[in-house]
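Work through the exercises below with the sequence and the model side by side. Try each task before reading its solution.

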Amino acid sequence: MSGYLIKYHRRSGQVEFSKFDSLLEATKKRILLDRVNDDPDLEIVAVASQSEANLRQSHSRYFSAA
């Protein structure tokens, strides 16, 4: 199962996501980004999903403005 890193800006609704080979890799990247993130409106999450389509469905709140 692939890992995905989602960066979601709450105020603007802007979303970026990246696919990783595993949830572990996505989580490691999330931890690195969390250390330098000083924007309280930026939400950074790592999730596992079978596909991008499943990700967009299971975490639709991140993609509703996209």
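**Exercise 1. Decide whether F63 is buried or exposed, and find its aromatic partner.**

Solution. Begin with the relative accessibility of F63, which is 8%, so that F63 counts as buried (buried means under 20% relative accessible area, exposed over 50%, and partly exposed in between, with a 1.4 Å probe and protein chains only). This is a predicted model, in which local features need pLDDT of at least 70 and side-chain atom pairs count only at pLDDT 80 or more, while totals for chains, interfaces and linings use all residues. Residues are numbered from 1 along each chain as its sequence is written, and side-chain values use heavy atoms, with hydrogens and water left out.

Next, look at F17, which is partly exposed at a relative accessible area of 28%. F17 and F63 form an edge-to-face aromatic pair, 5.6 Å centre to centre with 85° between the planes (rings of Phe, Tyr and Trp, the last by its six-membered ring, pair if their centres lie within 6.5 Å; planes under 30 degrees apart count as stacked, over 60 as edge-to-face and the rest as tilted). The pair links distant parts of the chain, since F17 is in strand β2 and F63 in helix α3, 46 residues apart (helices, H or I with at least four residues, and strands, E with at least two, are DSSP runs numbered from the N terminus).

**Exercise 2. Work out which residues form one aromatic cluster.**

Solution. The structure holds three aromatic pairs. One of them joins Y4 and F17 in a tilted arrangement, 6.3 Å centre to centre and 45° between the planes. Y4 lies in strand β1 and F17 in strand β2 (residues 15-20), so this pair ties together parts that are 13 residues apart in sequence. Y4 is buried, with a relative accessible area of 2%. The cluster therefore consists of Y4, F17 and F63.

**Exercise 3. Identify the residues of the largest nonpolar core and the element that gives the most to it.**

Solution. The largest nonpolar core has nine residues, namely Y4, I6, Y8, V15, V45, V47, L55, Y62 and F63 (a nonpolar core is a set of buried Ala, Val, Leu, Ile, Met, Phe, Trp, Tyr and Cys residues joined through side-chain atoms within 4.5 Å). Two or more residues come from each of β1 (2-9), β3 (42-49) and α3 (60-63), and β1 gives the most, with three. Apart from this core lies another, of five residues, among them L5, F20, A26 and I44.

**Exercise 4. Describe the surroundings of S49.**

Solution. S49 is found in strand β3, and at 5% relative accessibility S49 counts as buried. Leaving aside neighbours within four places in sequence, S49 is in contact with M1, S2, Y4, N54 and L55 (contact means heavy atoms within 4.5 Å). The side chain of S49 reaches the backbone nitrogen of L55 at 3.2 Å.

Terms used
A polar contact is a pair of N or O atoms within 3.5 Å; within protein, one must be able to donate a hydrogen and the other to accept it, and residues adjacent in sequence count only if both atoms are side-chain atoms.
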